[in-house]
Amino acid sequence: MAAVIGFLMIIAIVVLLLKGKMSPIVVLAVVPAIAALILRFSPVEIMGFIADGIKTTTSNGILFIFSVIYFGVLADTGLFDVIVGWLVKKAGNNVIAVTVVTAVIATIAHLDGTTAVTVLITIPSMYPVYKKMKIDPRILLCLTGACMGVMNLLPWGGPTARAATVLEMDATELWHMLIPLQVVGLVMNIALAVVLGMVAIKHGAGLGKGEEVAADEKEKKEEASLRKSNAFLIFNFLLTAGVIALLSTGIGKSYVIFMLGLCILLAVNYPDQKLQDKLIKKHAPAALIISATLFAAGAMVGVFDGTGMLEAMASAIMAIIPAALGKYIHIIFGILALPLGLCVGTDAYFYGIMPLVMQVGETYGVASLNTALTMLIGKNLALMVSPLVPATYLAIGLTGTELKDHMKFSIPPYYLVSLLMLAFGVLLGIVTI
């Protein structure tokens, strides 16, 4: 009975998240509670399960609040605009330099882990250059998505925090294991940029026969009062480098580092209480929505564990999986991660499918951490090519590209990068077989 209710609950969660009729917060908190009631657990017991689950997400939820606001305020200071402008100028009329710069800009822009912001920084700044040099805009989309996918492994990027929530561990601790793979992925993206630049040249890019695109000053214009002088921008850059360095060492809680970084950023750049409050209120909605979703996911994980549904579902799956394949289930789902990521939303993937696969893997001696790492690596590359991600439509709209054309062009290189990262994960001993 518990297995049947568990499978029905996962199906309901995935369907509701795909339909987009309800907020993920509502779906992730209410559906598991209803499932627990059907299994005849009392409301008091269910509230206990939920409380236990939320406890495991507290640090990651706080991390999201301070990290999202930090990078939002950092963008307001104009630091990203200066970096993008300098990189574009350096690229000049060299096609390969332009594609490589695209990868660098997308990588830097995705430091905040927000897909829409990355798209709005990278594509409007580079699209006029692509049009002028007759470079296929699908290359711009492909590189932006590839860099977003690799950078999304950051602990505040979303997927890593979701995986950490299911594992009941700190997101930064999980990220430390992924850093070597993230470096490999970034190198692959630069290589991909070079290859796509060569493809563009082969198709006539860089001949100077492209069309000029007038920049939309209204969209790019920010309040002049928020822009800072070069002295402040240098300080902001050094501060951000320091924050990331501290996160990499793991010497303190990640949310404490971001909280202190945000305080210093606001105090130095905007020493006015009203302006500080205005900036915090400007970026707080996005931060709170992400954190609330994470807490709701914690509630779901708590119900999963407390009711015993995961164990029952795992036993049912074990009965139909050949024993010889059981010990490779994490590799199998690592290979299937990108196709699954295209068809299933991020929340449904990490909170619906991953816990089940992890539980099945445990029965065959595969550690949950091992399964989470393989499923996390491949899924990220599906980020900006999935029809379920709003940023995908934003990106194709900015370049006037059809979704089918973008998917046809980008999926093969994305899948190749994801499989290579998985292979390197095995070679480096991050993923064990």
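Predicted model: local features only at pLDDT ≥ 70, side-chain atom pairs only at ≥ 80, totals over all residues.

Reader: How much of the protein is buried?

Author: Of the 433 residues, 52% are buried. Buried means under 20% relative accessible area, exposed over 50%, and partly exposed in between (1.4 Å probe, protein chains only).

Reader: And what share of the contacts join residues at least 24 apart?

Author: The share is 80%, among contacts between residues at least 6 apart in sequence. A contact here means heavy atoms within 4.5 Å.

Reader: Let us turn to helix 6 and helix 8. At what angle do they pack?

Author: Helix 6 (residues 95–109) and helix 8 (residues 137–151) pack at about 40 degrees, and their axes are 8 Å apart. Axes are lines fitted to C-alpha atoms, for helices over the stretch in contact, and angles run from 0 to 180 degrees between N-to-C directions. The two helices are therefore oblique to each other; angles under 35 degrees count as roughly parallel, over 145 as roughly antiparallel, 65 to 115 as roughly perpendicular and the rest as oblique.

Reader: Which residues meet there?

Author: From helix 6, T99, T102, A103, A106 and T107 meet I139, L140, L143, T144, C147 and M151 of helix 8. By class, this contact has seven nonpolar, four polar and no charged residues. Ala, Val, Leu, Ile, Met, Phe, Trp, Tyr, Cys and Pro count as nonpolar, Asp, Glu, Lys and Arg as charged, and the others, Gly among them, as polar.

Reader: Is helix 8 enclosed or open?

Author: Helix 8 is largely enclosed by the rest of the structure, because 13 of its 15 residues are buried.

Reader: What about helix 20 and helix 22?

Author: Helix 20 (residues 368–380) and helix 22 (residues 403–427) pack at about 155 degrees, with axes 8 Å apart. That makes helix 20 roughly antiparallel to helix 22. T374, I377 and G378 of helix 20 make the contact with S418, M421 and L422 of helix 22. These residues divide into three nonpolar, three polar and no charged.

Reader: Changing topic, which loop holds R40, and what is its phi?

Author: R40 lies in the loop between helix 2 (24–38) and helix 3 (43–55). Its phi is near 70 degrees, a positive value in a residue other than glycine. Most residues other than glycine have a negative phi. R40 counts as exposed, at 79% relative accessibility.

Reader: And K134?

Author: K134 has a phi near 60 degrees, also positive in a residue other than glycine. K134 sits in the loop between helix 7 (115–132) and helix 8, and is partly exposed with a relative accessible area of 38%.

Terms used:
Residues numbered from 1 in each chain as written. Heavy atoms only, no water. Helix = DSSP H or I, 4+ residues; strand = E, 2+ residues; numbered from the N terminus.
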